[in-house]
Amino acid sequence: GAMVDMAPPANLGGCPTEVARLLLDAAQGAGEVGEADEAQEIPPEVLWLAGEVSRCPPPAGWLRCRDDWGRELFVHEYGAFPPQRGHPLLGYFAGLTSAALLARSGGLDT
């Protein structure tokens with residue numbers, strides 16, 4: 001079973017590069033996780049956002065836990081949602097990644 005881990009959030013989560021690739025996949029509309037070109041250089045803004053995902057506390061009603069193998073797991077306290085590996089707010093970070101990539105390409109009026 002999942003156990004609540006009292007370690008600081010910065011010590012949890014996947015490798016920032018893995019999280020950055022997830023964000024790039026979502027922001028670029030890749031059909032499958034991991035479709036982003038592995039050789040593609042990850043912009044510094046996306047790496048920064050990936051780091052923020054690991055430091056972001058889970059929203060109310062969610063617990064950041066670890067499974068029996070030490071992998072990060074998010075569990076909804078009241079069971080309204082199934083346990084998941086990704087941060088419950090990952091979609092918001094994907095939206096921020098889209099905005100950062102658009103700004104980087106000059107697509108936003110600044």
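Which residue just after H3 takes a positive phi? Gly106 does, at about 85 degrees. The model is predicted.

## Helix H3

H3 covers residues 90-104, 15 residues in all. Its first and last C-alpha atoms are 21 Å apart, close to the 21 Å expected at 1.5 Å a residue.

Four residues of H3 are buried: Phe93, Ala94, Thr97 and Ala100. They sit on the same side of H3, because they cover an arc of only 120 degrees around the axis. A general rule of helices bears on this. An α-helix has 3.6 residues a turn, so residues three or four places apart point the same way. Gly91 and Tyr92 are exposed on the other side of H3. The buried residues of H3 pack against two helices, H1 (16-27) and H2 (44-55).

## Helix H2

H2 has twelve residues, which should span 16 Å at 1.5 Å a residue. The end C-alpha atoms of H2 are 17 Å apart, which agrees.

The buried residues in H2 are Val46, Leu49, Ala50, Gly51, Val53 and Ser54. Their cover includes H1, S2 and H3.

## The nonpolar core

The largest nonpolar core has twelve residues. Its members are Val19, Ala20, Leu23, Leu24, Ile42, Val46, Leu49, Ala50, Val53, Cys56, Phe93 and Ala94. At least two residues of this core come from each of H1, H2 and H3. In soluble globular proteins, nonpolar side chains tend to be buried together.

Phe93 is one of the core residues. What does Phe93 contact, leaving aside neighbours within four places in sequence? The partners are Leu23, Leu49, Glu52, Val53 and Cys56. Among these, Leu23, Leu49, Val53 and Cys56 also belong to the core.

## Asp67 in the S2-S3 loop

Asp67 lies in the loop between strand S2 (62-66) and strand S3 (72-76). Is Asp67 buried or exposed? Its relative accessibility is 12%, so Asp67 counts as buried; the cut-off is under 20%.

The side chain of Asp67 has polar partners in the backbone. A polar atom of this side chain lies 2.9 Å from the backbone nitrogen of Trp69. The Asp67 side chain also reaches the backbone nitrogen of Arg71, at 2.9 Å. Not counting residues up to four places away in sequence, Asp67 touches Leu73 and Arg85.

Methods:
Residues numbered from 1 in each chain as written. Predicted model: local features only at pLDDT ≥ 70, side-chain atom pairs only at ≥ 80, totals over all residues. Heavy atoms only, no water. Expected span 1.5 Å × (residues − 1). Buried < 20%, exposed > 50% of the residue type's maximum accessible area, 1.4 Å probe, protein only. Arc of directions from axis to C-beta. Contact = heavy atoms within 4.5 Å. Core = buried A, V, L, I, M, F, W, Y, C linked by side-chain atoms within 4.5 Å. Polar contact = N/O pair within 3.5 Å; in protein donor to acceptor, adjacent residues only side chain to side chain.
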